[in-house]
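Welcome! Take a moment to look over the sequence and the 3D view, and then we will walk through a few features together.

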Amino acid sequence: MTNSNAKTSRYGQTLLAGLWRENPVFRLLLGMCPTLAVTAAVKPALTMGCCVIFVLLCSNIIVSLMRNLLKPHLRILMFTLTIATFVTIADLFLKAFVPRMSEMLGPYVPLIIVNCIIICRAEACASKNPMLVSVIDALSMGVGFTVTLCFLAGIRELLSTGKIFEAQLMPDAFVPWAAMSMPVGAFITLGLMLGLVNIVAGKKA
Amino acid sequence: MDTLSILLMGFISIVVVNNLVFTKFLGICPYLGVSGRIDMAFGMGLAVTFVVTLSGTLTWLIDHLLLIGTSLEVTRYICFILVIAGAVQLVEMYLRKFFPSLYESFGIFLPLITTNCAILGLCLLISLEGINSLLEAVVLSFGAGIGFTMAICIMAGIRENLDLADVPDCLKGAPITLITAGLLAMAFMGFAGMIR
Amino acid sequence: MNKIKNFIQQSWLLIVASFCFGLLIAVTNAALSPRIRQNEINKRNRLVSALLPEAKDFILLDEQIEIQSLQGKKNIEIYRAVSEADECVGWSFEAAGSGFADKIRLVVALDKNFEKIAGFDVLSSNETPGFGDQIKYDYYRDQFKGAPAGELKLVTIGERDKIDSEIVVISGATISSEAVVEILNNSITQVKEQMRKKGIIGNDKQ
């Protein structure tokens, strides 16, 4: 009984870790490139997040299944191959079902291959743990990443156009800050967000 | 003359106007990681320049000679990443054999280059833009490397001075680096419109 | 012999996995590629149909047309727009050139004799939001609808509503407006000349 309780709590912890304690963007500083590039609006950020969840889930499952067969020196090659395969599949799905988004995201979809989050989770979690833990870890990390992305995108979209999802949220007198949708806005918003997270985390500790 | 001017424009455009770090957000991870000291940053920049030139050229060749001919474009991403991993491995072995001292100084950077998004990003950009001459692809990839080196060195110089500045506690480290990068990106926006 | 055995021992997983992954991609691609191709065609058709409302179908021209621009020589694909009665109602093609920040890609539509521009639309651009971005706005694009397909001229002061070869600049975005005019001038004159040489379209006088 205690054993199973301990197990559940461990799963629960893994699940929550990705959202805050080990949030891939804010705490681990992983996967910065898509974080900055696709957060000009919420829609592409959400699409990107879903792609990352899909790839992370699939690659974690495969890596965790193969973990006992992996040769140490071929490990990274194997991870890369797995990730590249699922990214290609995700890209094909995007092109087929949401062509608009696929065009908007452009090269950032294939760039998921070199997103450090995925290879880091494959190395740190999936290659050591059984499948269930790996799946939970993938979900938690993926959701944490997506939520962060959408949050940043929300701020930037609101300030740069005054709208989110086509819904006007700002009063008419608001002058859109065009700079927020440009690279400048991305860097500065993320920098300030990280500062904010540091303050909050510092208070908790 | 005509080709020369096209090449020159492409080069300047990728180095300053469309700098990979400041306008396309590529290669941010190492940019945040190793831009602490200027000599390390320069080493990383050189290593990246070398690998990006090599893999940009190789992927262009593979794309045009192999994949498009056999309409296997769907496997493009896998081929590209394998080429990059291979190129990095090759550079590592070559350096270890012939320039051991240089190899020592690059240290951990070399294997890390594989997961540098600037490299895969550039290969994808070349294939997306439909560059159809080998020379242009070579010049573009070399320019991308130079642009990356420049960005990372500027940043390292600023960060060395930033250590002496009074930065609020919560912004120390990555946050202030990102904000500085934002200001730099704004400065680089001034180059837009230079290339006609 | 031992070497081979060693090699297989080390890499069998890699080989098997590559094979499986290859199969997986092949299956997905086979299942989705018709849809992807359809999406691409739909996208272009949607843009051009807005410019050439009478067109029902677009047929790719077999002839090779090559244009010379600052970016070098490039082959472009010309589409013949045909109406329901199978008559040619216009032409469309893609043209690109450098804008303020990045490349601007346009789709251009012309009437059947290459005399008037039916309009253009922006496929992709990276112009400054709020300034150069306005090349996508109707007030700028409408100036081109019906303008003569020859040399267009950019002016700073003029009437936007009057349709002629004078295009009024977007204030604050001279370079972007200039870039669009230049791309159109360059591509249209060259395409027109080559199409005429090949006898696909007649001379102006006809």
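Predicted model: local features only at pLDDT ≥ 70, side-chain atom pairs only at ≥ 80, totals over all residues.

The points below start with chain A as a whole and then visit some spots in chains B and C.

**Chain A as a whole**

- Chain A has eight helices and two strands.
- If you read along the sequence, their order is α-α-α-α-α-α-α-β-β-α.
- Chain A has a radius of gyration of 18 Å, which agrees with the value near 17 Å that a compact globule of 205 residues would have.
- Along the principal axes, the C-alpha atoms of chain A fill a box of roughly 60 × 45 × 30 Å.
- Of the 205 residues in chain A, 55% count as buried.
- Take the contacts in chain A between residues at least 6 apart in sequence: 76% of them join residues at least 24 apart.

- B:Phe25 sits in the loop between helix H2 (20-23) and helix H3 (28-34) of chain B.
- The phi angle of B:Phe25 is near 60 degrees, a positive value in a residue other than glycine.
- B:Phe25 counts as buried because its relative accessibility is 5%, and the cut-off for buried is under 20%.
- B:Ser141 belongs to helix H9 (residues 134-162) of chain B.
- With a relative accessibility of 0%, B:Ser141 also counts as buried.
- Leaving aside residues up to four places away in sequence, B:Ser141 touches B:Val52, B:Thr53, B:Gly56, B:Thr57, B:Leu122 and B:Ile126.

**Strand S4 of chain C and its partners**

- Strand S4 (residues 78-82) of chain C is mostly covered, with four of its five residues buried.
- S4(C) pairs with strand S1 (residues 57-60) of chain C in the antiparallel sense, over four bridges.
- In this part of the chain, C:Asp57 stands opposite C:Val82 in S4(C).
- S4(C) also pairs with strand S5 (residues 88-98) of chain C, again in the antiparallel sense, over five bridges.
- C:Arg80 has C:Trp91 in S5(C) as its bridge partner.
- S4(C) and S5(C) form a hairpin with five residues between them.
- In the turn of that hairpin, C:Asp86 has a positive phi of about 65 degrees.
- As a general point, side chains in a regular strand alternate between the two faces of the sheet.

Conventions:
Residues numbered from 1 in each chain as written. Chains lettered and ligands numbered in written order. Heavy atoms only, no water. Buried < 20%, exposed > 50% of the residue type's maximum accessible area, 1.4 Å probe, protein only. Contact = heavy atoms within 4.5 Å. Pairing = 2+ DSSP bridges. Rg over C-alpha atoms; globule rule 2.2 N^0.38 Å.
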